[in-house]
Amino acid sequence: MITIEKLGILLSPTNLDFENNGVFNAGIYQEGEILHILYRAVEHGNFSTIGYAKTEGPLNIIERNEKPLIQRDFDYEKHGVEDPRIVKIEDTYYITYTAYDGVNAMGALATSKDLIHFEKHGIITPHVNYQEYEDYVNCCGGEKLNPKYHQYYNLFAQIGLVEDEFRLLRDKDIVLFPRKVNGKFVLLHRIWPGIQIVQFEDWKELTEPFWEDYLKNLNDYIVLDPNDPFEVDYIGAGGPPIETEFGWLLIYHGVQETVTGKIYHAKAALLQLDKPEIELARLPYPLFSPSKSWEIEGVVNNVVFPTGHAVFGDDLYIYYGVADRHVAVAKCNLNELLTELRKQS
């Protein structure tokens with residue numbers, strides 16, 4: 001088992017209107033000793049924006065904005081800009097996030113050169129309803145998919161909403177790799193219940209015909225599907241994959257269904273460096289699970305939800321949302337984690 005040290009809560013809600021109900025699920029960008037923290041800030045009524053804080057070292061907060069860094073600007077995100085992840089490729093910061101309009105939760109993109117001014121590029125995930133989705137995945141071998149890929153379709157069919165043109169395919173946990181691989185952007189996303197991969201040279205490629213073809217061959221793009229009991233319900237990518245000599249280290253969340261409700265665990269896997277669509281190994285047990293009172297009880301109970309990381313020396317610091325209320329930090333030895341993962345390959 002990996003030795004995990006839980007370092008406690010780093011950020012909590014304040015009395016400021018935009019973050020008075022929750023501060024969690026933070027994207028992290030490391031610049032030497034400085035961490036830029038973009039976190040989901042929730043106000044009463046469950047409306048989300050993205051807040052900003054900065055640390056020197058892994059835990060020492062030296063700056064925190066009193067206003068949102070990224071606001072809700074468009075109809076597709078009128079209820080929330082949620083769960084940001086951040087990377088910097090060449091001279092551009094890429095912020096991927098979940099855009100929530102009150103009904104639909106879909107992947108969106110914003111870019112920045114300075115983390116002060118942002119340009120939003122809209123929805124970047126498939127824009128299809130569940131009837132269209134089902135038709136596509138059944139077109140070419142949909143029966144090979146984990147049956148849970150049909151679960152939302154079956155649910156909405158039962159209640160008569162499957163053809164609702166305003167109820168669109170949920171696609172969350174949008175995470176970019178921190179550099180191009182073989183000259184292409186590489187993106188992980190989550191069409192329930194697994195983690196899929198997209199590789200492309202230009203963002204303009206992500207058109208409706210692109211996604212139609214992609215969904216018709218969805219089975220070819222699944223990187224990880226739920227496997228062990230700790231992730232049997234569904235999984236989703238955490239922070240951007242970490243490049244190591246042994247492969248891309250992916251910290252992700254796994255959800256376990258129990259008789260008393262869902263439990264979110266932090267998990268770890270290793271992907272091939274030059275072909276990141278190939279899984280090399282994954283831990284068959286959680287990296288860590290809810291055990292502290294502030295992880296067990298909150299807005300949503302029993303949640304540890306990793307979304308960012310930083311490396312200081314040999315230590316990997318994992319920043320995670322707890323119980324949809326706070327941002328917390330856990331630490332482990334990176335070499336120990338990689339050694340344990342390689343034992344599983």
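Residues are numbered from 1 along each chain as its sequence is written. Because the model is predicted, local features need pLDDT of at least 70 and side-chain atom pairs count only at pLDDT 80 or more, while totals for chains, interfaces and linings use all residues, and side-chain values use heavy atoms, with hydrogens and water left out.

**Helices α1 and α3**

Helices (H or I, at least four residues) and strands (E, at least two) are DSSP runs numbered from the N terminus. The axes of helix α1 (residues 130-139) and helix α3 (residues 208-216) come within 6 Å and cross at roughly 55 degrees, which makes α1 oblique to α3. Here an axis is a line fitted to C-alpha atoms, for helices over the stretch in contact, and angles run from 0 to 180 degrees between N-to-C directions; angles under 35 degrees count as roughly parallel, over 145 as roughly antiparallel, 65 to 115 as roughly perpendicular and the rest as oblique. Y133, Y136, V137 and C139 of α1 meet E212, L215 and K216 of α3, where contact means heavy atoms within 4.5 Å. The residues of this contact are five nonpolar, no polar and two charged, with Ala, Val, Leu, Ile, Met, Phe, Trp, Tyr, Cys and Pro counted as nonpolar, Asp, Glu, Lys and Arg as charged, and the others, Gly among them, as polar.

Four strands form an open antiparallel sheet in the order β10-β11-β12-β13, and two strands pair if DSSP finds at least two bridges between them. The edge strands, each pairing on one side only, are β10 (172-176) and β13 (222-224), and the twist averages 30 degrees from one strand to the next. Five bridges join β11 (residues 185-190) to β12 (residues 195-200), and H189 has Q196 in β12 as its bridge partner. Helix α3 lies across β11 and β12, running at about 135 degrees to β12.

**Two pockets**

On a 1 Å grid over the protein atoms alone, a pocket is an open set of points where a 1.4 Å probe fits, with protein on both sides within 12 Å along at least five of seven lines, and lining residues have an atom within 4 Å of a point. Grid points are joined across faces, edges and corners, and a volume is the space filled by probe spheres set on the points.

| Largest | about 620 Å³ | R40, D83, K172, Y264, D324 |

The largest share of the lining of the largest pocket, three residues, comes from β2, whereas α3 gives the most to the lining of the second largest pocket, with three residues.
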